[in-house]
Amino acid sequence: MLGAAIVLSISLAVVAYLLQPAPAAGRTFLHQVRHAHHKANAGEPFQTVGVSRVPDLTSQELYFHLTESLPVVVTNSTCTTTPWDLHHIRALAGHNKVGIEVSTNNRFYANSGLNLQQMTVAQFLDIFNSTTRKYDYYLAEQSIHQTPALAAEVRSPPFADFLSIDRTQLWVGAGGQVSPLHHDHWENVLCQLQGTRTFLLFAPFQVEYLYPKPGPERYFSQLDPSNPDLRRFPLFAHARPVSVQLNAGELLVLPAFWWHQVHHHNTTNLAVNFWYYPNELASAAYHTFLT
């Protein structure tokens, strides 16, 4: 009985600790936003932190990174129960129907010139491997539950068990894909399973330099940070990006509201990501700042 009481006491303490992030995250995030905004208005420079690389994370360490809004790379990650490659995906999910993004310029995810086609995974992989295809094809932001056999092999990282998952998504590209600069309002963990991609990151408090689109597309920037037009977007000259390369077997923890553009290197690119519900106070703080 004494042992059970001790275990119960420890469990309650852990739960109480993990329930702390909501108010702390909101206060920390709002402080960052206000502090950076005041410095920018005063013409003072600000420093953007680098992204640390660690072999593993505990739940407490993830709590720290989310409450402080600090991305981190975990270099020894396993998000599937067995190694994945294109042959494995075809074998388990070839018959499943999915939506494929098609582009004329290898730019995806709400870029102009983009359309969506429905086909099976096997049809997509046939086109994907063709040397005569005229367009660029990308299986992006695809709910893993559209491919049940693959979904059964996906595991959220143990250090994130205290978070609530909203979506789990599959990404498959032939290489060279580029996303527009945008932010997501979820806590994001992306597991790179094959290939390499580079993230160009901007901290949330730099939003006033990034020219969000008006209206419902405000999650996207009007500019291309890889080739900015400073005559149209002069404040972007004050932005301070951080570049992060993610290799196969690594994962990136990207806290909610970090702006990012993603460049896939010219090899097969395969990833799974988890979107977890964000902290409500941090979300309110960011959207208050936007308005």
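This report describes the secondary structure, the sheets and some side-chain arrangements of one protein.

The structure is a predicted model, in which local features need pLDDT of at least 70 and side-chain atom pairs count only at pLDDT 80 or more, while totals for chains, interfaces and linings use all residues. Residues are numbered from 1 along each chain as its sequence is written, and side-chain values use heavy atoms, with hydrogens and water left out.

## Overall picture

The protein has seven helices and twelve strands. Helices (H or I, at least four residues) and strands (E, at least two) are DSSP runs, numbered from the N terminus. Of the 291 residues, 49% count as buried. Buried means under 20% relative accessible area, exposed means over 50%, and partly exposed lies in between (1.4 Å probe, protein chains only). The accessible surface comes to about 14000 Å², and 55% of this belongs to carbon and sulfur atoms. Such areas come from the Shrake-Rupley method with a 1.4 Å probe; for residues, only the protein chains shown count as cover.

Contact means heavy atoms within 4.5 Å. Among contacts between residues at least 6 apart in sequence, 82% join residues at least 24 apart.

Strands of a sheet pair through backbone hydrogen bonds, either parallel or antiparallel. Here, two strands pair if DSSP finds at least two bridges between them. Nine strands form an open sheet with mixed pairing, in the order 1-2-10-7-12-6-5-3-4. Strand 1 (52-54) and strand 4 (115-120) are at the edges; each has a single partner strand, so one side of each is left without a neighbour in the sheet. From one strand to the next, the twist averages 25 degrees. For such angles, axes are lines fitted to C-alpha atoms (for helices over the stretch in contact), and angles run from 0 to 180 degrees between N-to-C directions.

Strand 10 (residues 250-254) pairs with strand 7 (residues 187-194) in the antiparallel sense over five bridges. Cysteine 191 stands opposite leucine 251 of strand 10, and valine 189 has valine 253 of strand 10 as its bridge partner. Strand 10 also pairs with strand 2 (residues 72-74), again in the antiparallel sense, over three bridges. In that strand, leucine 251 is the bridge partner of valine 74.

How many of the five residues of strand 10 are buried? Five of the five are buried, so strand 10 is largely enclosed by the rest of the structure. In a regular strand the side chains alternate between the two faces of the sheet. In strand 10, Glu250, Leu252 and Leu254 point one way, Leu251 and Val253 point the other way, and all are buried.

## Asparagine 273

Asparagine 273 lies in strand 12 (residues 269-276). The residue counts as buried because its relative accessibility is 1%. Its side chain makes a polar contact of 3.0 Å with the side chain of asparagine 188. A polar contact is a pair of N or O atoms within 3.5 Å; within protein, one must be able to donate a hydrogen and the other to accept it, and residues adjacent in sequence count only if both atoms are side-chain atoms. Leaving aside residues up to four places away in sequence, asparagine 273 touches Arg167, Thr168, Gln169, Trp171, Asn188, Val189 and Leu190.

Three strands form an open sheet in the order 9-8-11, with antiparallel pairing. Its edge strands are strand 9 (242-246) and strand 11 (259-264), each of which pairs on one side only. Neighbouring strands of this sheet are turned by 20 degrees against each other on average, direction ignored. Strand 8 (residues 197-202) is joined to strand 9 by five bridges, and arginine 197 stands opposite leucine 246 in strand 9.

## Aromatic pairs

A search of the whole structure finds six aromatic pairs. Rings of Phe, Tyr and Trp (its six-membered ring) pair if their centres lie within 6.5 Å; planes under 30 degrees apart count as stacked, over 60 as edge-to-face and the rest as tilted. The table gives two of the pairs.

| Pair | Type | Centre to centre | Between the planes |
|---|---|---|---|
| Phenylalanine 124 and phenylalanine 128 | edge-to-face | 5.5 Å | 65 degrees |
| Phenylalanine 274 and tyrosine 276 | stacked | 6.2 Å | 25 degrees |

Phenylalanine 124 and phenylalanine 128 both lie in helix 5 (residues 121-128), four residues apart, about one turn of the helix. Phenylalanine 124 counts as buried because its relative accessibility is 0%, and phenylalanine 128 is buried at 6%. Phenylalanine 274 is buried, with a relative accessible area of 1%, and tyrosine 276 is buried, with a relative accessible area of 1%.
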